[in-house]
Amino acid sequence: MSAEAITDSLLYEQRGGIVIVTINRPAQMNAISGEVREGLFTAFRRFEADDTALVAILTAAGDKAFCAGMDLKEAAAMGLKVPPPDFLPVIGQSIRVSKPTIAAVNGLAYAGGWLLAQMCDLCIAAEHATFGITEARVGRGMPWAVPLVSMVQQRAVMELLLTADPITAQRAHEVGFVNHVVPAAELMPRALAMAEKIAANAPLTVRAARELVYLSTEMGRSAALRAANHLFEKVYLSEDAQEGPRAFKEKRKPSWKGR
């Protein structure tokens, strides 16, 4: 399936169970415009609603920028003050996505670009990519950075927010924000390989495991254990929970039903 233009600035492509969402404004460093926001909302809602779509990869066109953040020219023209809750399509906040997402960062990811990488469950970066929370340089805010405190070291977060200095992909990997750093030519192959590996696993287990990670960051140990037991009960009682061991016994690949 070839890439479909959801808007002039956002492409959507499905390859089997894998969806590739591409921000397509390379001349503007893939900055977040109204069209990009609209396209991302549409793309992720479509991904969530499609039972054949199992994993999504978020990336961008070109090799210079994943996303330079908000389109400041557009923001200035709007006189944007406090962004409304649904201004950006942030997974887990303004849009619900229950399936795994991977950010394939092909260049700089600043401000809102960092946020887009942060909201994905996993992140693979090209060696030349850089990451920065640069809001302090333009007098804007970053309330969305709250989850970072449970993702990376506290003092690393403090330095990022207060200095607004970008960091390399390797440094982002060192502090735990990036899963893998690869040569630019290997970025999409590595992201697709990871997506394929996830898509081959039992979908109910994958979704519950994803939710387990997030609920564990919001609860104490005992509460998280109780919630996790409840979360996985429907997994244990599913048809797939019987199919997995049966396929292993019969030395074949499992045929997941997602139920």
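Begin by selecting Y110 together with G132, its bridge partner in strand β9; strands here are DSSP runs of E with at least two residues, helices are runs of H or I with at least four, and both are numbered from the N terminus. The model is a predicted one, in which local features need pLDDT of at least 70 and side-chain atom pairs count only at pLDDT 80 or more, while totals for chains, interfaces and linings use all residues. Residues are numbered from 1 along each chain as its sequence is written, and side-chain values use heavy atoms, with hydrogens and water left out.

Now widen the selection to strand β7 (residues 108-110), which runs parallel to β9 and is joined to it by 2 bridges; two strands pair if DSSP finds at least two bridges between them. Both belong to an open sheet of 4 strands in the order β5-β7-β9-β10, with mixed pairing. At its edges stand β5 (65-67) and β10 (167-168), each having a single partner strand, so one side of each is left without a neighbour in the sheet.

Next, show the side chains of W114, F131 and F177, which form one aromatic cluster. Rings of Phe, Tyr and Trp (its six-membered ring) pair if their centres lie within 6.5 Å, and planes under 30 degrees apart count as stacked, over 60 as edge-to-face and the rest as tilted. By this rule the count comes to 3 aromatic pairs. W114 and F131 are edge-to-face, 6.0 Å centre to centre with 85 degrees between the planes. Because W114 lies in helix α3 (residues 112-119) and F131 in strand β9 (residues 130-132), this pair ties together parts that are 17 residues apart in sequence. F131 is buried, with a relative accessible area of 0%, buried meaning under 20%, exposed over 50% and partly exposed in between (1.4 Å probe, protein chains only). F131 and F177 are also edge-to-face, at 5.7 Å centre to centre and 80 degrees between the planes.

Finally, select R46 and Y12: the charged end of R46 sits over the ring of Y12, 4.1 Å from its centre, a placement that requires NZ of Lys or CZ of Arg within 6 Å of the ring centre and within 35 degrees of the ring normal. The charged end of K99 likewise sits over the ring of F47, 4.6 Å from its centre.
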